[in-house]
Amino acid sequence: MATIREIAELAGVSRGTVDRVLNDRGAVSAATAARIRDIAKQLDYKPNRAGIALAAQRKNLRLGVLLFDTGNLFFDDVWKGVSEKAEELRGYNCTVLTKKVGFSARAQADAIAELESCRIDGLVLSPFNDALISEQINRLCNSHIPVITTNTDIHNSRRLAFVGSDFYRCGQTAAGLMRLMTQGETRVGIVTGSSQVLCHTDRIQGFCDAIADRYPRIRVTQTIENSDDEFESYDKTLELLHNHPDINALHFTAGGVYGGCRAVLAANRKDICIIAYDQTPTTRELVAQDVISATICQQPALQGSLPLQLLFDYLMTGQKPEKERYYTAVDIRIRENL
């Protein structure tokens with residue numbers, strides 16, 4: 001196994017310089033840092049875990065976690081993953097600070113500023129897909145505060161990595177399921193959370209591209225937004241079915257599934273094929289009752305724990321995550337395999 005001493009000898013620098021580069025602390029010229037990292041990569045250098053534990057005790061890291069708070073029960077399992085990893089990292093003298101925010105770019109930017117004022121060393125973020133938030137992420141990166149996005153991603157930012165579903169692929173999967181579960185002309189209503197949340201729009205895009213390319217008998221009638229709110233979802237889904245009685249399928253791409261399905265039952269339209277996402281308790285209940293035909297799941301606890309681990313490892317070793325995108329499994333659940 002390669003050591004810091006071997007890397008220092010090959011790079012022609014002191015062990016202290018190698019330590020500063022690999023642990024991302026102290027001023028080292030860009031050329032020297034690049035040479036050291038290249039040598040470390042060639043030698044497959046792996047930091048000593050015992051050494052990391054000792055260094056972590058001295059560093060006293062503070063990590064921020066900022067997720068959406070819309071009433072969507074999916075995030076309960078994400079927070080469970082956050083809590084479990086935070087408890088583990090506490091043994092390394094690492095503190096995890098948490099905040100929640102709704103679908104508002106301004107509110108999310110303010111929450112980021114509040115966490116930054118607590119002197120966080122890194123941030124895990126479910127970002128609102130807005131230029132204001134990408135600017136905040138880039139500003140944090142300029143201040144040497146790395147950001148890892150989870151559950152949903154964002155355009156035009158310098159975030160370090162993303163953990164979550166390949167949402168475009170999930171949308172394609174939903175289209176394939178709808179083809180298998182319907183017959184004849186299929187008219188689809190799409191019920192989504194927000195047009196400014198990338199995971200929601202990517203699911204819709206994947207679904208629409210798939211039916212345009214391969215399934216001409218399936219057509220989208222209308223797309224509505226419910227802000228992930230169950231009551232808003234009930235009202236708007238009921239209105240959608242009233243205005244478009246030809247709709248015989250629904251694609252729920254976000255939260256508000258329970259409220260939307262209650263509207264389907266209130267309209268006495270249990271004949272509708274419904275594709276949803278995740279395994280919240282209410283969604284599981286509706287699948288078991290044959291109200292929802294299938295749900296596509298995405299390992300929420302991993303979306304809470306893995307970003308924190310990646311962030312901690314980067315701050316302690318200076319080594320970036322091996323991948324830019326860590327995609328979770330596409331797991332299809334029907335009544336028979338709940």
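The secondary structure of the protein chain comprises 13 helices and 12 strands. Helices (H or I, at least four residues) and strands (E, at least two) are DSSP runs, numbered from the N terminus. The model is predicted: local features need pLDDT of at least 70, side-chain atom pairs count only at pLDDT 80 or more, and totals for chains, interfaces and linings use all residues. Residues are numbered from 1 along each chain as its sequence is written, and side-chain values use heavy atoms, with hydrogens and water left out.

The C-alpha trace of the protein chain spans about 75 × 40 × 35 Å along its principal axes. Of the 338 residues in the chain, 50% are buried. Buried denotes under 20% relative accessible area, exposed over 50%, and partly exposed in between (1.4 Å probe, protein chains only).

Helix α3 covers residues 30-42. Its 13 residues reach 18 Å from the first C-alpha to the last, close to the 18 Å expected at 1.5 Å a residue. The expected span is 1.5 Å times one less than the number of residues. Thr32, Ala33, Ile36, Ile39 and Ala40 are the buried residues of α3. Seen down the helix axis, they fall within an arc of 130°, so they line one face of α3. The arc is that of the directions from the helix axis to the C-beta atoms. An α-helix has 3.6 residues a turn, so residues three or four places apart point the same way. The cover over the buried residues of α3 includes α1 (4-11) and α2 (15-22). On the other side of α3, Ala30, Ala31, Lys41 and Gln42 are exposed. Asp44 follows α3 and has a positive phi, near 55°.

An open sheet of six strands has the order β7-β6-β8-β9-β10-β12, and its pairing is mixed. Two strands pair if DSSP finds at least two bridges between them. The edge strands, β7 (218-225) and β12 (331-333), each pair on one side only. From one strand to the next, the twist averages 20°. Strands β6 (residues 186-192) and β8 (residues 249-252) run parallel and are joined by four bridges. Within this pair, Ile190 has His251 of β8 as its bridge partner.

Helix α8 (residues 167-181) packs on the sheet. It touches β6, β7, β8, β9 (273-277), β10 (294-297) and β12. The direction of α8 makes about 155° with that of β9. Axes are lines fitted to C-alpha atoms, for helices over the stretch in contact, and angles run from 0 to 180 degrees between N-to-C directions. The 15 residues of α8 reach 21 Å from first C-alpha to last, close to the 21 Å expected at 1.5 Å a residue. Buried residues in α8 include Phe167, Cys170, Ala174, Leu177 and Met178. Helix α10 (residues 230-243) lies across β6, β7 and β8, at about 140° to β7.

The largest nonpolar core has 50 residues. A nonpolar core is a set of buried Ala, Val, Leu, Ile, Met, Phe, Trp, Tyr and Cys residues joined through side-chain atoms within 4.5 Å. Leu63, Val65, Leu66, Leu123, Leu125, Ile133 and Leu308 touch the most other members of the largest core. Beyond four places in sequence, the contacts of Leu125 include Leu66, Ile112, Ile133, Ile137 and Val147.

Ser134 is placed in helix α7 (residues 131-142). It is buried, with a relative accessible area of 8%. Leaving aside neighbours within four places in sequence, Ser134 contacts Ile154, His155, Asn156 and Ser157. Ala267 lies in the loop between α11 (257-266) and β9. With a relative accessible area of 29%, Ala267 is partly exposed. Not counting residues up to four places away in sequence, Ala267 touches Leu238 and Leu241.

Most residues other than glycine have a negative phi. His144, not a glycine, has a positive phi of about 65°. His144 is found in the loop between α7 and β4 (147-150) and is exposed, at 67% relative accessibility. Asp228 likewise has a positive phi of about 65°. Asp228 lies in the loop between β7 and α10, but is buried at 3% relative accessibility.

Note on methods: Contact = heavy atoms within 4.5 Å.
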